[in-house]
Amino acid sequence: MLLNETTNNAFEVILRQALADDSRRELTSVTEIENIAFSDSFYEKIRKINKLYLKKTTATRLNKSIPKIAVTAATIVLVASLALNPSVQAFVKNIIETIFNQYTHHEFISDTIITIDNFNNDIRPEYMPSGFSLWQVNYMFCYTRLTYMNDDNTLKIEYSIANQMTFGVDNEHSSFRDVYINNELGVLYESSSSERPSYLLWEQDGYCFMITAQIDTGEIVKIAESIKIS
């Protein structure tokens, strides 16, 4: 077990370092910041790294799913006997939740394989509450963040490749329940404070999504249901 974990960590470090080194070489050759353009070979390296990482990550996550279910069962017994446990792992369909005292960590598993070659940066909700407008869009390889604003609040929609992304949310100031988004099981965290946001997380067609907003949770669900992936 220790050897496998060490190998996995070393693999990820090597990938990150290789990408960072190649990015640094590309950026040092840039003379005009307004016209940044990476070479074709750089993009090809990114595609190869992404495919290799995705293949390994998918296999690793799938292999881990069954042990985590067993851990959940053992944890339930432990909680029943000791009534105290700082961390609980739960496997709900395609979301693995690790619950700590103040936050919950979410991993996603999907049978649909999305790569850097077919990742869609143009996914948008068809519904948005009155007064909100798109203010900013951030892209970072296989990650997109949409920021909407009205006069009082900020609403964020983040999405990435399900088999590669994890999301962490505050569970200390919220209650959570399962919800269905376009026939997919998700988790809704409803804030118990007017000063803190609510969260909605779900997996859909190979993508994982998280909506963060200080608005009515019914509106958050409507936004999520309006997201269609063509």
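**Close-up views of a predicted model**

A search of the whole structure finds zero disulfides, a disulfide being a pair of cysteine sulfur atoms within 2.5 Å. The model is predicted, so that local features need pLDDT of at least 70 and side-chain atom pairs count only at pLDDT 80 or more, whereas totals for chains, interfaces and linings use all residues. Residues are numbered from 1 along each chain as its sequence is written, and side-chain values use heavy atoms, with hydrogens and water left out.

**View 1. Two cysteines, Cys142 and Cys208.** Cys142 counts as buried because its relative accessibility is 9%, where buried means under 20% relative accessible area, exposed over 50%, and partly exposed in between (1.4 Å probe, protein chains only). Cys208 is also buried, at 0%.

**View 2. The open sheet.** Seven strands with antiparallel pairing form an open sheet in the order β4-β5-β6-β11-β10-β9-β8; strands are DSSP runs of E, at least two residues long, numbered from the N terminus, and two of them pair if DSSP finds at least two bridges between them. At the edges lie β4 (133-139) and β8 (174-181), each of which pairs on one side only. Strand β5 (residues 143-149) is joined to β4 in the antiparallel sense over six bridges, and Thr144 in β5 is the bridge partner of Tyr139.

**View 3. Thr104 and its surroundings.** Thr104 belongs to strand β3 (residues 103-108) and is buried, with a relative accessible area of 1%. Leaving aside residues up to four places away in sequence, Thr104 touches several residues, including Glu97, Phe167, Asn171 and Tyr189, where contact means heavy atoms within 4.5 Å.

Methods. Helix = DSSP H or I, 4+ residues; strand = E, 2+ residues; numbered from the N terminus.
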